[in-house]
Amino acid sequence: MPEASNIVDLRKLLAERFGASVRLRNATTPEAIPTGIPALDSLLEGGWPKSGVSELVGQGIGSGSVQVLHAWIRKTAQEGQFLAVVDAADSLDVDALEPQELARILWVRARSADEALRAADLLLRDRNFPRVLIDLKPCPTKALGRISGSIWHRFRRLTEHHGTTAVVLTPFPLVSGAACRVQVSADPVLDRIHSGPESALESLRFELVRSGILQAGLDRRMAG
Amino acid sequence: MKEPMAMTPLFAVLHLLEFPLQSALRHHPELWDQPIALVDPTQRVARVIAATPGARAAGVVEGLMTPQALARCRELLIRPRSVDGESSTMEAIVQVAFGFSPAIEDTAPGLLTLDLRGLPGLLEQSQRHGWAERLKGAMDALGLRSRVGVGPTPNVARLAALWSEEVFVVDDATGFVSTLPIAALEPTAHVAEILGQWGVRTVGEFLALGRADLADRLGLEALALFASASTTSVRPVRQIRPPQRFEEFWEFDPAVETLEPLLFLCRRFTDSFAQRLEALGLAAEHLILRLRLESGQDHRKRLRLPEPARRSEALFQCLQTYLETLRTEAPVVGVDLSLESTRSRQRQFSLFEAAVRDAHQFQETLARLSALVGGDRVGSPVREDSHRTDAFRLVSPDFENAPTVESRPGRWLQAPTPMRRLRPPSPARVEIRVLGGSSSTSITASDPASRLSPDHVLALLSPTFRKEGGKPMTVTAPGPPVSRIPETGPNSASQSPQPVFVSSAVASGRIRRVQGPVRRSGHWWEAQAWAEEVWQVETDRGQVLSLVCREGCWTVDAVAD
């Protein structure tokens with residue numbers, strides 16, 4: 001058996017001999033925050049990446065992004081945590097949430113994408129909010145197109161610094177440098193809507209378009 | 001191990017030089033570099049009672065009348081003496097000094113005597129010096145120039161504070177007193193002149209003459225001077241309790257119109273409060289701000305801190321956030337700031353529950369969000385006790401006391417499927433098919449003329465609908481069949497007419513499936529009576545909408561998204 005002269009060689013040696021059964025601690029994916037949807041958690045290896053900005057893209061009306069949003073609110077409330085919801089179009093469905101869940105959200109009812117981003121900036125700078133959701137999906141395409149890329153860079157730095165999990169709902173890929181980007185789609189059939197939220201969630205389809213964090217973890221594993 | 005305590009008599013005296021002037025300039029120490037004279041406005045003839053070094057350099061001394069002082073120094077600023085301000089300053093000094101000794105005597109304006117007997121860590125000379133340095137540092141932080149003397153008797157400590165360096169700890173009391181000038185005993189002018197003629201310059205020379213001989217020649221005053229020079233007699237200290245009142249105020253001259261000077265002053269106020277609260281072991285619960293305006297009006301605001309605090313930053317942030325959003329009608333000529341104190345609280349968070357890490361920061365962020373989007377658009381939603389769709393209000397978030405959520409299976413089954421709400425609802429044109437008939441009716445919400453009364457709508461929706469009252473309604477040809485999802489709720493009306501086509505800014509198309517209607521009403525006994533009929537429909541383009549009919553007007557209230 002060859003000898004390992006240093007820790008790097010030892011890692012290589014272990015990887016060669018035992019393969020995937022040996023998973024080094026520093027090569028694991030970062031801590032994840034469950035989304036409340038098992039299928040999405042499975043896709044993201046646990047949930048939304050912590051300390052990063054994730055993007056949920058739902059193209060067109062009826063994509064299912066609202067279902068994901070409410071599922072995360074419910075999951076957050078179940079965990080005894082709280083969530084800041086920056087609602088760019090003031091469109092949160094209060095009737096669909098229970099009073100105990102509503103008591104655990106801070107809802108910012110913005111009037112535009114610009115106002116929502118400024119509110120999100122304040123929330124991300126405040127270290128009190130571990131989870132921030134920014135819903136930009138109903139905003140006009142023109143307004144979203146005017147958002148500078150530096151804003152996402154700043155949000156990314158803030159989330160990394162404060163350990164915040166931020167999720168942005170958009171109608172098309174918008175967040176540059178997102179920790180992960182998930183596309184959601186659904187068939188908003190009235191039967192499913194009528195059957196309740198669980199049925200509506202089952203109809204959602206997710207596609208992991210970009211996973212910066214997972215890629216970084218993979219890179220580290222390869223390097224290790 | 002128990003710390004050794006100073007059991008031998010030990011006293012300290014804190015002396016604030018030119019106390020009225022210091023009190024007047026406390027919050028603006030940079031004014032000491034300017035020629036400023038203090039006058040007493042209560043006197044019939046305004047005379048200078050104190051002056052800054054700059055004014056003295058120009059020849060302004062105590063006793064000059066204001067015109068005389070101005071004649072000597074053209075740039076001289078005249079400031080009125082404020083008895084209230086001196087009282088407030090003295091309160092601040094007592095409160096801070098209480099953190100150094102519990103036995104304090106308010107000996108004279110600007111002069112405090114502290115009994116140090118029983119205090120730990122004052123056995124060594126160096127320890128006493130360090131203690132005195134800390135006391136002086138605390139006064140510096142209040143913006144006050146002070147001298148501290150420590151000695152075995154109150155009298156020796158007072159002489160040390162008055163006649164020596166900024167901080168002086170008397171080791172050899174007899175030797176120290178002997179070297180003092182005779183003026184330290186404060187003799188009358190007549191006795192001082194006699195002693196001067198005798199060639200007596202120091203206290204030591206005076207004491208060497210002998211008590212009995214001096215009494216024979218100078219009378220009773222000699223005995224009083226001997227008592228003043230005593231290094232052994234210890235008088236009792238008249239202890240006072242520190243007031244639990246926290247007030248600071250300032251008059252602007254001229255009035256200010258911008259935020260910066262106000263914030264600058266507020267920062268000084270909160271620094272002072274923080275220091276005083278710390279000394280007393282208290283915390284601020286409310287801040288009471290009063291701005292005196294040039295128009296003669298007052299602007300008052302009572303600011304509640306998110307949790308009791310004594311940190312200057314926390315107090316200042318609370319003020320800053322409020323002042324940044326404030327617009328007054330007139331310039332500000334004065335500001336008063338006071339606080340209500342309470343005992344500081346300690347708490348332990350639940351192991352798994354999340355809590356706000358920094359309540360002050362949280363409150364600050366909430367205030368900034370309110371300034372950004374409006375106070376009525378930030379908070380935690382609470383559903384109103386109503387069956388009306390989308391009836392809620394926002395309250396200030398209280399995450400620490402938020403109820404826990406059960407994670408029982410099937411909990412969601414009772415919850416409605418979330419949709420994306422449209423606020424305000426989007427006006428819609430909806431075609432309704434009347435069951436049992438061969439026609440459908442179109443009502444356009446955007447047309448004011450088509451607004452119908454609730455009774456009219458019910459009549460419209462009833463199978464026996466007839467056109468009445470000359471209202472503009474369009475009868476269109478029947479469309480393809482629309483499937484209906486059976487209703488199970490108590491408010492269902494499965495036999496009602498149903499929408500067959502919708503046109504709105506959000507979505508348009510022929511309706512292929514409907515669910516509803518759900519009829520709700522409330523407050524029918526009041527003027528704010530309301531009634532609505534809610535349909536969930538699916539268009540031929542696959543969009544699921546929530547259509548609501550209120551007072552004959554159709555709107556799209558929500559879309560499945």
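Q: How many bridges join strand β10 of chain B to β11(B)?
A: As a general idea, strands of a sheet pair through backbone hydrogen bonds, either parallel or antiparallel. Here, β10 (residues 282–293) of chain B is linked to β11(B) by eight bridges, and the two run antiparallel. Pairing requires at least two bridges found by DSSP between two strands. Helices (H or I, at least four residues) and strands (E, at least two) are DSSP runs, numbered from the N terminus. If you want a spot to look at, Leu291(B) stands opposite His299(B) in β11(B).

Q: Before we go on, what should I keep in mind about the source?
A: This is a predicted model, where local features need pLDDT of at least 70, side-chain atom pairs count only at pLDDT 80 or more, and totals for chains, interfaces and linings use all residues. Residues are numbered from 1 along each chain as its sequence is written, chains are lettered from A and ligands numbered from 1 in the order in which they are written, and side-chain values use heavy atoms, leaving out hydrogens and water.

Q: What is the strand order in the open sheet of four strands in chain B?
A: Reading across, you get β9-β12-β10-β11 (chain B), with antiparallel pairing. The edges are β9 (246–256) and β11 (298–309) of chain B, each pairing on one side only. Neighbouring strands of this sheet are turned by 15 degrees against each other on average, direction ignored. Axes are lines fitted to C-alpha atoms, for helices over the stretch in contact, and angles run from 0 to 180 degrees between N-to-C directions.

Q: Which helix of chain B packs on the sheet?
A: That's α13 (residues 312–324) of chain B, which touches β10, β11 and β12 (332–343) of chain B; contact means heavy atoms within 4.5 Å. The direction of α13 makes about 140 degrees with that of β11(B).

Q: Where does Pro254(B) lie, and what is the peptide bond from Asp253(B) to Pro254(B), cis or trans?
A: Pro254(B) sits in strand β9 of chain B. The bond from Asp253(B) is cis, with omega near 5 degrees.

Q: And is Asp90(A) buried or exposed?
A: Buried means under 20% relative accessible area, exposed over 50%, partly exposed in between (1.4 Å probe, protein chains only). Asp90(A) counts as buried because its relative accessibility is 4%. Asp90(A) belongs to the loop between β4 (83–87) and α4 (99–102) of chain A, and its phi is near 55 degrees, a positive value in a residue other than glycine.
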